[in-house]
Amino acid sequence: MVATRKKITTTTIEQEKVVEKRALSSEETDEQQTTVVKKAKVTKKKTNVWTPFDPSLPNNMTFPTEFNIPEKPDHSIKIASYNVAGLAACIKKGFNTYVNAEDADILCIQEHKQNAPLSTAVDDKVYKYRYWAIDEKKGYAGVALFSKYKPSNVIYGIPGFETTTRGRVLSLTYPSFTLIGCYVPNAGDKLVRLPERQVFNDRMEKYIRSLQKEGKSVIWTGDLNVAHTPDDLARPETNQRSAGFTIEERTDFDKVLNPSKEDNLPGLIDTWRHFHPEQKGHYTYYGYRFKCREKLMGWRLDYFLTTPDLLDKVVSSDIRHEAWGASDHVPLVLTLKDVEL
């Protein structure tokens, strides 16, 4: 009987220890859960509020009904470039109001999406010389150049590759320079067209270099569909693999801006960046979604590039920030002095 009681007592003690151990374990778990909850509250990330780099810029959500554009200096010319994102729609929203106010000597438009020339695009008494590059795919791409002065030569597409580039490249030759109006292909959603884009980039660079070899001064303008540096878009950190900011596209753009390796021809100059080397927040494209225009959150995708020999003739390179709403892009303008048309 004694032995039995001892066994029962021992068993009871052991059971109490197990219960105590479980209770302790439960308390520790509760403590850990409390700690985790508290830690989660402390380390919870707050959503970053976007602050424009330059809040003084206009962020109008509709196209202006009038423009206050300064007169060009004496003995100078203006070339304007504008991605209209569908010319017919752009005209309905005020395109001609801008064109008349700007009164550029040459107007280059991209992405007009026309299947045939549009007679209401510009005043044919002002722009007597009108050239339309139309893509084979209906309602897609398209470049047009309207000029007050007759060029000595007109080239549609990239020579040797006209079939695939006819709706994207249009060149006019004048005594002082060759002007290339261009709409560079977009790399597409998930970069599905990046390989095609790189082929285009290569052919475009070779075309520009061929003109340089002939001793021609070159102006390359249009929607070139690349934000060259992190300063050329609002959020570079989250767009490393987005169309227009991939390392592949930016590297190809570098090739045009740097001296050519084969012939040591000088690189072209990004005129706007030349005059604004440290400026952030000045963009040419604001998407319609997510209130990008209202937030001044955009991309600089449109350019005027020139060969270095023209730089001393450049009076200014400007972005018409206020002219947003007829397209998701805004126009840009290059003013030159002492050039012959």
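Two strands count as paired here if DSSP finds at least two bridges between them. Keep that in mind as you click through this predicted model.

**Stop one: strand E1.** Select residues 76–83. This strand is mostly covered, with eight of its eight residues buried. Now show the side chains. Ser76, Lys78, Ala80 and Tyr82 point one way, while Ile77, Ile79, Ser81 and Asn83 point the other.

Zoom in on Ser81 and you'll find Leu332 of E12 opposite.

**Stop three: the largest pocket.** Select Ala243, Tyr285, Gly287, Trp299 and Leu301; of the 31 lining residues, these lie nearest the centre. The space here comes to about 880 Å³. Colour the lining by class and you get 13 nonpolar, nine polar and nine charged residues.

**Stop four: the second largest pocket.** Go to Thr164, Arg168, Pro185, Glu196 and Phe200, which lie nearest its centre. This pocket has a volume of about 380 Å³ and a lining of 16 residues. Which helix gives the most to that lining? Select H5, residues 194–213: it gives the most, with five residues. Helix H4 (162–165) supplies at least two. By class, this lining has eight charged, four polar and four nonpolar residues.

Notes
Residues are numbered from 1 along each chain as its sequence is written. This is a predicted model: local features need pLDDT of at least 70, side-chain atom pairs count only at pLDDT 80 or more; totals for chains, interfaces and linings use all residues. Side-chain values use heavy atoms; hydrogens and water are left out. Buried means under 20% relative accessible area, exposed over 50%, partly exposed in between (1.4 Å probe, protein chains only). Helices (H or I, at least four residues) and strands (E, at least two) are DSSP runs, numbered from the N terminus. On a 1 Å grid over the protein atoms alone, a cavity is a set of points where a 1.4 Å probe fits but cannot get out, and a pocket is an open set with protein on both sides within 12 Å along at least five of seven lines; lining residues have an atom within 4 Å of a point. Grid points are joined across faces, edges and corners, and a volume is the space filled by probe spheres set on the points. Ala, Val, Leu, Ile, Met, Phe, Trp, Tyr, Cys and Pro count as nonpolar, Asp, Glu, Lys and Arg as charged, and the others, Gly among them, as polar.
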